[in-house]
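The following paragraphs lead through one protein model, from the whole chain down to single residues. Please keep the sequence and the structure in view while reading.

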Amino acid sequence: MATRHTRLGARPRGLARSRQPSRLIAGVAALSMLAGCSLIQQGGDRGPDATTSTASSQGTTTATSTPMAQGAPAGLETYYSQSLEWSTCESLFECTTLTVPIDYAEPDGATIGIAVLRAKAKSGKAQGSLLVNPGGPGGSGVDYAMAAGVVVSPPVRAAFDVVGFDPRGVARSAPITCLTDEQLDALMGSDPTPDDAAEEKAGEDLIKGFAQACQTNAPQLVGHVSTVEAAKDMDVLRAALGEETLTYLGASYGTFLGATYAALFPDRVGRLVLDGAIDPNLTALEMGLGQASGFERATRAYVEDCVAGGDCPLGSDVDSAMKWIPAFLTRLDSQPLPVKGDKVTELNEAWGMWGVVVAMYSQDFWPILTQALRLAQEGDGTMLMFLANTYASRGSDGTYDGNGMQAIYAVNCLDRPAEEGAKDLDSEAVRQQFEQASPTWGRYLSGDGACEYWPAKAEETITDYSAAGAAPIVVVGTTRDPATPHEWAVKLAQTLDSGVLISYEGDGHTAYGRSNDCVDDAVDAYLLKGTVPKDGLTC
C-alpha cells in the first residue's frame, strides 16, 4: 500500500453555513473581497520593548498600556497591550492587523501579522465581540465574518460585533504556500489507489515533494502553525479587543481551536459554542477511522434519499446503490471521463472522489450530486468536476482561492504528527480496518499522508483538555455528521469539565444555523443571555 495523501477537511473551504439552500449554494465560492497581505517581521524590534508593530492597508497596531495587558504571560506584555487601529474595508466592514510572535518561546524574535475583520453589531451598540472560526484547518475567519449574516442568527448579529481572523499560515496571515496551482492540481489529482510499484512511488514522490517544498518556501513558519499557537494568537486578539473573557463560535476544526483555547486559558473562557465537534484526544489513526465511519453513514443517508425519490442513477435499492459508488470511482481510474471548460480535462478517480465527497457535507448538495452522477453515466464528468472544485476552492481556470488545501496539511501534521511506526498505518491490516469501517471511503482514508515526511514538530502540545474552572462550554453534534461524527461531540462534552451537549438528529455537517429552531434558540439564548442549555438536549 502506498502512503495516502487524502485529507478530508472538517469543513470544505468556502462552504457557507446557511438557513436556506440558495444561500448555501451562493456561498460555495469563497469570498475574496480583501487583498491584504501579511509580512513576516525580522529581529527584536517587535519584542516587548517595541512601541509600534506591523502596519498594513487593513489597519495598524500600536503598543499602549491597557488593563488587558495585566494578565499577559511574561514577556508578552507588549503584544497583549496592542491598541488596534481599524480602517474601513469593502465599505461594510472594519479591518486591522494584529501582531504576534512567530515563536511564543522567543517573543523578541520575528513576528507576523494576523488579518482581522469586524462586522459591527447591527444594533449599533454591541454587547461585546463574538470571535468566529469556520473550520478547515485552513478556512478563512475573515471571509467567515464577512458572511456574518448567515453565520449567526439575526438577534446575535444585532447584538455582537462579529470578528473573524485568518489563523497563522492561512489566507492573509502569512499564508503557507508550498506549491504552485499546477503542482497542487497534480497532488489533488494523483492516484489515491495505486495499482503497482511505479504508481506507488509516483504518489510518494508527490507528498515528499510537498513537504520539502513547505520547508523550502516557508522555513520560519513550517513548525509554527499549530493549533496551540493559533489559540495563543486568539488570546492576544481577545486582549486587544478589550474583552476580559472570550465569546466564541467555532465550527468543525474551529471546535478543536476552541477546546485548545479553553485548555490553555480556562479562566478567560466566556461563552464558547463548539459546533460540529472534534474529540481533541483522537490520534491521527482514530480520526481517520472516525471520518471513514462518518462519511459511510452520510453516504448511506444520501443513497437512501436518492432511491426513495425514484429514478436514482445509482440503482433501485440501497445496497446495490451503495456498491455502485466505489465501483464507479474505481472505473474512473482506468476510464476517466471528459471534462468541458476546465483546465483539468479528464475526471479521474481522485477528482471524482472529491466531487462525491463534498456533497456529503450538506444534504442541500444531494440533488446536484445526483444530477452529476447521471451525467457521468452519460459520459460527461463536467458537473462532478464542478463539485470537486467546490471542495478544493478551485476555479475552472486552475487557480485556487486561498491556501486552504495546503494549510490543512501544515496544521494537521503539527497537531497530529505521524505516529510511531508510521509505516504500519499503510499495512494490509490497517487497510482492512478502514475498509470495514467504510467500504466506500476506507481505501482513501487509510495511511498517514504527508505527515510522515513533515519537516518540523510542534513545540508545545496539550494532554489535558478538561479546562478545569472554565465557564460552561456548549458542544453541538449532529447524529449523521460525516466529517465530525456525533460520537466526537459526546466525547468532547465529557472531556470538558464544564461541557454541555446539544445533539441534532439529522444529516450534514454542523447544526447551528442549518438545522432547526431547537438548536438555534438554545445557542442564541446562551450567546445572548448566558442561559446554559440543558445538558443532553436533543433536537
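**From the whole chain to single residues**

Of the 539 residues in the protein chain, 62% are buried, where buried means under 20% relative accessible area, exposed over 50% and partly exposed in between, with a 1.4 Å probe and protein chains only. This is a predicted model, in which local features need pLDDT of at least 70 and side-chain atom pairs count only at pLDDT 80 or more, while totals for chains, interfaces and linings use all residues. Residues are numbered from 1 along each chain as its sequence is written, and side-chain values use heavy atoms, with hydrogens and water left out.

The protein chain has 19 helices and 14 strands; helices (H or I, at least four residues) and strands (E, at least two) are DSSP runs, numbered from the N terminus. Among its contacts between residues at least 6 apart in sequence, 75% join residues at least 24 apart, a contact being heavy atoms within 4.5 Å. The accessible surface comes to about 19200 Å², and 51% of that surface belongs to carbon and sulfur atoms. Accessible areas come from the Shrake-Rupley method with a 1.4 Å probe, and for residues only the protein chains shown count as cover.

Helix α10 (residues 284–308) packs with helix α16 (residues 428–437) at an angle of about 30°, and their axes are 8 Å apart. Axes here are lines fitted to C-alpha atoms, for helices over the stretch in contact, and angles run from 0 to 180 degrees between N-to-C directions. The angle makes α10 roughly parallel to α16, since angles under 35 degrees count as roughly parallel, over 145 as roughly antiparallel, 65 to 115 as roughly perpendicular and the rest as oblique. On α10, the contact is made by Leu285, Gly288, Leu289, Ala292, Ser293 and Glu296, and on α16 by Val430, Gln433, Phe434 and Ala437. By class, this contact has six nonpolar, three polar and one charged residues; Ala, Val, Leu, Ile, Met, Phe, Trp, Tyr, Cys and Pro count as nonpolar, Asp, Glu, Lys and Arg as charged, and the others, Gly among them, as polar.

Some backbone details lie in loops. Gly136 and Pro137 are joined by a cis peptide bond, with omega about -5°, and Pro137 sits in the loop between β6 (129–133) and α3 (141–146). Ala171 is not a glycine, yet has a positive phi of about 55°. Ala171 lies in the loop between β7 (161–165) and α6 (181–188) and is partly exposed, with a relative accessible area of 24%. Ser393, also not a glycine, has a positive phi of about 50°. The loop between α14 (382–392) and α15 (404–415) holds Ser393, which is buried, with a relative accessible area of 9%.
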